[in-house]
Amino acid sequence: MNENIFEGVCGQEEAKAKITETLSFFEKIKEYKKENINVPKGMIFYGEPGNGKTLVISKIIESKLFNTYIFNGSSNNIYQEFLSLFEEAKKNEPSIIIIEEIDLILDRDSRLIRLFQEKMDGISKNDEILFIAATNYIRELPRALLRKGRFDIQIEFPSLPKKDIFEILKYYLKQNDVVFNNQFDGYSIDELLFNCSVSDVKFIVDQYLLRIGKGEIKIRELIKIILECTNNCSFFNNECDYRCAIHEASHLVMINHYKDIYIPTLVVCLNDTSFVKAIPQDSYKNTFIHEITNVDISISGLIGEKIVLNIGSNGSSSDLSCAYESAETLINCGYFGIKNILKDYDLYERNESDFTRFINDKLIRKFFKEREKFVTKYLKKNKALIIKIANLIYEKKYLIKDEILTILNEPLRNFEKKKGIIKNDILIKNNQPKIGLSFKRNNIR
């Protein structure tokens, strides 16, 4: 059997391996029948919409390994339609009958349940026909169809991890002659594709081709399209909250202090979402300095708001939980002892007494005060840089890596503060702004 049948289908490796194995058995069905060995009679693909079921089915059809017949229930009498299709498949066996969205077809005519059972393992059980069906809702199917001897092989198509989704994005871009180099991986685009499906990625690429076209990739425009598609927003009517801009700018200034440990790759500041992405350097992973850096960066957004706007923050719980987690890790892994490398430590598996937790909480509070003092002093010294970056974020709504590094390294003498940008009326209009998902520990540990 051709091992490249699924060439171009990224991800879903387990599903593809199981399908390939089943098809290889079916390819030798005549040999197995002579040995009185039964091969699987049916495969059913299930999982959330947009995770590759239809794409895999289309690759099976394109392979032309077997005579393939598609039953989609398009006629008024779908019962008779299936009977006719089955007889045609029987004449040209070995053959495959494909049933997409089998749950919807069964809803139209319940007699098909009995008919499928009969044709798969009834008096016609020696037919050389393989059934392949797909559904988003396998639990809604009759259990009688899912027992052994019918749809023997049940293959899940789960939501793909972001690294696989990113590879699919790159594949579709390359297929459409969009040119990019290895630096494309360093813009945290994979982080933006969290919870995206294969169909979502295809839609993003289609939107990019419609708006930008082929040729050398335009990173900023691609990220804008991804943000619009994944956040269901429009940049034409989505304002940037200036308080959020100050918050995220403070994160960036603090990251710049630790530029040997983190590289900032993206900042987004919209009404409904706000965050900074940064990639840690391998040489500092799982060290004390790395965890201390996490604490300083996490609390910098809240401190920056107080320094620049002279107000406290009522948001960004993710920042505080991130800082607290790093502080706990430091305390419990010997920050005040002799260890300087963290070794497979799982905080949540540790069984501590109430007294030990009390002591640790006191140490953490003391540690937070020390870090808050340091971060406050550093951000006050760099207040002008915070405002400079915040103004640019406020204007553009999001910055990519190249823009961030440029403004961080640009001399402050080239900076002129926009008049009236920090006014109380702006803050009043944006009462209780949604700070959202600020600095996250992405790619950490």
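Contact here means heavy atoms within 4.5 Å.

**View 1. The whole protein, a predicted model.** The protein has 445 residues, and buried residues make up 50% of them. There are 18 helices and ten strands. Take the contacts with a separation of 6 or more: residues 24 or more positions apart account for 78% of these.

**View 2. Helix H4, residues 78–91.** H4 holds 14 residues. An α-helix has 3.6 residues a turn, so residues three or four places apart point the same way.

**View 3. Helix H12, residues 242–257.** H12 has 16 residues. From its first C-alpha to its last, H12 reaches 23 Å, close to the 22 Å expected at 1.5 Å a residue. Of the 16 residues of H12, 15 are buried, so the helix is largely enclosed by the rest of the structure.

**View 4. Leu 385 in helix H16.** Helix H16 covers residues 383–396, and Leu 385 has its place there. Buried means under 20% relative accessible area. Leu 385 has 8% relative accessibility, so it counts as buried. Ile 407 is 22 residues apart from Leu 385 along the chain. The C-alpha atoms of Leu 385 and Ile 407 are separated by 8.9 Å.

**View 5. The largest cavity and its lining.** Rolling a probe the size of a water molecule over the atoms shows where empty space is left. The count comes to one cavity of 30 Å³ or more. About 50 Å³ of space lies in the largest cavity. Its lining includes Gly 8, Val 9, Cys 10 and Gln 12. Asn 51, Gly 52 and Leu 55 also line the largest cavity. Ile 168, Tyr 172 and Val 198 complete the lining. By residue type, the lining divides into six nonpolar, four polar and no charged residues.

Terms used. Residues are numbered from 1 along each chain as its sequence is written. This is a predicted model: local features need pLDDT of at least 70, side-chain atom pairs count only at pLDDT 80 or more; totals for chains, interfaces and linings use all residues. Side-chain values use heavy atoms; hydrogens and water are left out. Helices (H or I, at least four residues) and strands (E, at least two) are DSSP runs, numbered from the N terminus. The expected span of a helix is 1.5 Å times one less than its number of residues. On a 1 Å grid over the protein atoms alone, a cavity is a set of points where a 1.4 Å probe fits but cannot get out, and a pocket is an open set with protein on both sides within 12 Å along at least five of seven lines; lining residues have an atom within 4 Å of a point. Grid points are joined across faces, edges and corners, and a volume is the space filled by probe spheres set on the points. Ala, Val, Leu, Ile, Met, Phe, Trp, Tyr, Cys and Pro count as nonpolar, Asp, Glu, Lys and Arg as charged, and the others, Gly among them, as polar. Buried means under 20% relative accessible area, exposed over 50%, partly exposed in between (1.4 Å probe, protein chains only).
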